[in-house]
Amino acid sequence: MSIKKRLLIYIGILGLLAIVVTSLILRDFATTPFPPDLTLAAYEPYTTLVVPQHQIWRPKFPVIDLHSHPQQAESIDEVVQAMDAAGVKAIVDLFGHWGVDGARLERILTAYRLKYPERFIVFTNIDLDKIEAPNDVAEECAKFERAVAMGVKGVKVWKDLGMMERDNTGQLVAIDDPRLDAIWDKIGELKIPVLIHSADPAAFWQPVDLFNERYEELVIGGGWLDSYANSNYPSQEALLSQRENLLKKHPNTIFIGAHMGEMANDLRALGQLFDQYSNFYVDISDRINELGRQPYTARDFFIKYQDRILFGIDLYPETHVYQAYYRFLETKDEYFDYPRHYFKHGRWKIYGIGLPDSVLEKVYYRNAARLLRLNDF
Ligand SMILES: [Zn+2]
């Protein structure tokens, strides 16, 4: 075969290949949709924003973590390591459950006392099954007297009060149920605060659909989280008004609303509650996601109500979570991720509120030390 013929064959083959490749590309264009078919879960854009960033390794002042569940961690030593790395002086273990005749509580207090006497503060719990008979209530009151003598510094009440706990007749026990009155008064008399978790974020009561700002949290967290939209739970409004009634009925008992009193999305309303009830406080645990998306409002709020806000992170101590809280409270960094133990709450970023030192000090430890009457702190 002559060179010319061979060349012609090669050119022919190349031409055919070019036609095949071009047609494949064109076909691809025709079938790949644009914009691409992204799922919400897969969409994780990187920001191109260039702004100053500060890593706060240690807090400016000592820290008391008022809302903690260290028993969820592997060991006490691990907890103390995380606290040391994050500059946390003391944490409140909210699960000092009484057990049989106080045995469980005694065991926890002793374990902490033996190893780390200064680092752990223990709260005990109300036995909500013991509200039917006056005798039970009297027993429960006596329990709190003993618990305080043992070294307990406060009481923790979970959202099951109002939402899940039912009495002998099958009725939900309301947060302001009169059968609990004597117990709240006794706790007030003993001068220990009650950390009370009532209700949940407002979005949990909205339908889980394209309009819900916590859609992913409610969908992914399906197992233990719940949307209350189509359920028999009382409305958030009803629960918060039961709690308000509790504040009104027991002015001598100090109540600390867990998670910004579940009103972080409406600080104006929370401020009104503070103005009306001097026995009401809140912790910031697990709510800097809400606070950090309204930095101007939140900063003003923290300054105005600087004596009523307490530090806490919820769940078990994790160094990086503490450090993210410090960044939020101490810097004016912009548009960064809020910390989380598990999954994301909502698709937004947060901004630091750069609190003045005098306010920071109160939020970090002074307010807690005052309420817990830790005189030497
Ligand atoms: Zn908690």
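# Report on a predicted structure

The structure described here is a predicted model. Pro 134 belongs to helix H4, and because its relative accessibility is 70%, Pro 134 counts as exposed. Between the C-alpha atoms of Pro 134 and Leu 94 there are 26 Å, with 40 residues separating the two along the chain.

## Packing of helices H4 and H6

Helix H4 covers residues 134-150 and helix H6 covers residues 181-189; the two pack with their axes 9 Å apart and at an angle of about 15°. Such an angle makes H4 roughly parallel to H6. The crossing in which H4 passes H6 is right-handed.

The loop between H6 and strand E5 (194-196) contains Lys 191. The phi angle of Lys 191 is positive, near 60°, in a residue other than glycine. With a relative accessible area of 53%, Lys 191 is exposed.

## The zinc site

A zinc ion has three kinds of contact listed by atom: NE2 of His 67, NE2 of His 69 and OD of Asp 314 are its protein donors, at 2.1 to 2.3 Å. Along the sequence, the spacing of these donor residues reads H-x1-H-x244-D. His 69 is placed in the loop between strand E1 (63-68) and helix H2 (76-85), while Asp 314 is placed in the loop between E8 and helix H13 (319-330), so this pair ties together parts that lie 245 residues apart in sequence.

Leu 315 is not a glycine, yet its phi is positive, at about 55°. Its relative accessibility is 16%, and Leu 315 therefore counts as buried.

## Aromatic pairs and a cluster

A search of the whole structure gives 18 aromatic pairs. One of them is formed by Phe 274 and Tyr 305, whose rings are tilted, with 5.2 Å from centre to centre and 50° between the planes. This pair links distant parts of the chain, 31 residues apart: Phe 274 is in helix H10 (residues 267-276), and Tyr 305 is in the loop between helix H12 (295-304) and strand E8 (309-310). Phe 274 counts as buried at 2% relative accessibility, and Tyr 305 counts as buried at 7%.

One aromatic cluster is made up of Phe 311, Tyr 322, Tyr 325, Tyr 326 and Tyr 364. Ala 85 is part of helix H2, and its relative accessibility of 38% makes Ala 85 partly exposed.

## Arginines over aromatic rings

Two arginine side chains are placed over rings. Arg 308 lies over the face of Tyr 281, 5.6 Å from the ring centre. Arg 327 has its charged end over the ring of Phe 336, at 3.9 Å from the centre of that ring.

Phe 336 is located in the loop between H13 and helix H14 (357-371). With a relative accessible area of 6%, Phe 336 is buried. A distance of 10 Å separates the C-alpha atoms of Phe 336 and Leu 49, residues that are 287 apart along the chain.

## The segment after helix H14

Leu 374 is found in the segment after H14. Its relative accessible area is 13%, which means that Leu 374 is buried. The C-alpha atom of Leu 374 is 9.2 Å from that of Lys 153, and these two residues are 221 residues apart along the chain.

Notes:
Residues are numbered from 1 along each chain as its sequence is written. This is a predicted model: local features need pLDDT of at least 70, side-chain atom pairs count only at pLDDT 80 or more; totals for chains, interfaces and linings use all residues. Side-chain values use heavy atoms; hydrogens and water are left out. Rings of Phe, Tyr and Trp (its six-membered ring) pair if their centres lie within 6.5 Å; planes under 30 degrees apart count as stacked, over 60 as edge-to-face and the rest as tilted. Helices (H or I, at least four residues) and strands (E, at least two) are DSSP runs, numbered from the N terminus. Buried means under 20% relative accessible area, exposed over 50%, partly exposed in between (1.4 Å probe, protein chains only). A charge sits over a ring if NZ of Lys or CZ of Arg is within 6 Å of the ring centre and within 35 degrees of the ring normal. Donors are N, O and S atoms within 2.8 Å of the metal (3.2 Å for Na, K and Ca); water is not among the atoms, so sites may look incomplete. Axes are lines fitted to C-alpha atoms, for helices over the stretch in contact, and angles run from 0 to 180 degrees between N-to-C directions. Angles under 35 degrees count as roughly parallel, over 145 as roughly antiparallel, 65 to 115 as roughly perpendicular and the rest as oblique. A crossing is left-handed if the near helix is turned anticlockwise from the far one by less than a right angle, and right-handed if clockwise.
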